Amino acid sequence: MSTRRKFLHRSLLGSLGFFSGKRILAQSAEVDYPAIKNEPIVISTWDFGKAANAEAWTVLGKGGRALDAVEAGVKIPEADPNNQSVGYGGLPDRDGRVTLDACIMDERYNCGSVMCLEHIMHPISVARLVMEKTPHVVLVGDGALQFALANGFQKENLLTPESEKAWKEWLKNSKYEPVINIENKLHKAANDSSMPGGPNNHDTIGMIAMDASGNFSGACTTSGMAFKMHGRVGDSPIIGAGLYVDNEIGAATSTGVGEEVIRIVGSHLVVELMRQGLAPEAACKKAVERIVSRGPARAKTLQVGFIAINKKGEYGGYALQKGFTYAVKSGKEEKLVPAKSIY
């Protein structure tokens, strides 16, 4: 009897401990721990990303949300008539029409995109409204324009005299082909700083940011490949190709010839490689190597670059060709980084 009593006593104590433990665990789960403060950071493609980052920092530096920061940041090149591959002043398609592509993605996996949008200065803001006001992810062409106008955007002429002149010069030969750093060549005669890595070396702007709450968002916007076929869409407005955000891991974006990025779903690939433990630069390099492996001869004639940030705030980039740069801005640094490259 004594042994049986001891057994029951131990069992009762054990049961009380078990239920007590469950209660303690339940109480712990309900505790509101203070939010972890992170060092905000924003990075974006190309030299003109520096000005875009500065605008994004007006949001991030005040503890604002990464989504608001990236939208504000990329609106700078969208409205810059001197930037001939993003927004206003962008080089037209082969029919002389400026068609814009953009996408945006937040920390909750919400995303929005517009493709072949004409006459609207800020396609990134239209993409955000697609994300927030519709059940869809993508609107294209006339439908995207109608949506923008219905939401208060103004119809504008985006073809500047400079871009129209470049288009008319192109028409003389009408040779449609992707050219590495074509924007450099357009400005080379006027300014030696237009060489690869210089201030006129520009393409799509992709921007990714982490805010003080440790949340990520990204934006990507472009007027697309110069003198493209009407209706052509590259990687920039395609979630997973030109941009991808996974709040558990980090974010990535791309620039360059979009067809190659689409073939490997590039930005998603970079994020997944970071999930496997690769640092941002190493993940970007692996994605570039994937492009090379799929078409070695073709890869030597094209430019593609990736940039990425992980949850630790570490960042990196990598490209096919020399000349790709990216801009970095945080509370500790502000700089331009010449990306490493395969060739």
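A salt bridge is a side-chain nitrogen of Lys or Arg within 4 Å of a carboxyl oxygen of Asp or Glu. The model is predicted, so local features need pLDDT of at least 70 and side-chain atom pairs count only at pLDDT 80 or more, while totals for chains, interfaces and linings use all residues. Residues are numbered from 1 along each chain as its sequence is written, and side-chain values use heavy atoms, with hydrogens and water left out.

The whole structure holds 18 salt bridges. Three of them are listed here.

| Pair | Closest N and O atoms |
|---|---|
| Glu118 and Arg97 | 2.7 Å |
| Arg128 and Glu132 | 2.8 Å |
| Glu107 and Arg108 | 3.5 Å |

Accessibility is classed as buried (under 20% relative accessible area), exposed (over 50%) or partly exposed (in between), using a 1.4 Å probe and protein chains only. Glu107 is buried at 10% relative accessibility, whereas Arg108 is exposed at 54%. Arg128 and Glu132 stand four residues apart in helix α4, so about one helical turn separates them. Helices (H or I, at least four residues) and strands (E, at least two) are DSSP runs, numbered from the N terminus. Salt bridges with shared partners link Arg65, Asp106, Glu107 and Arg108 into one network.

UniProt, in an unreviewed entry, places the feature "active site" at Thr204; such annotations may be inferred rather than shown by experiment. Thr204 lies in the loop between α7 (182-187) and β5 (205-210) and is buried, with 4% relative accessibility.
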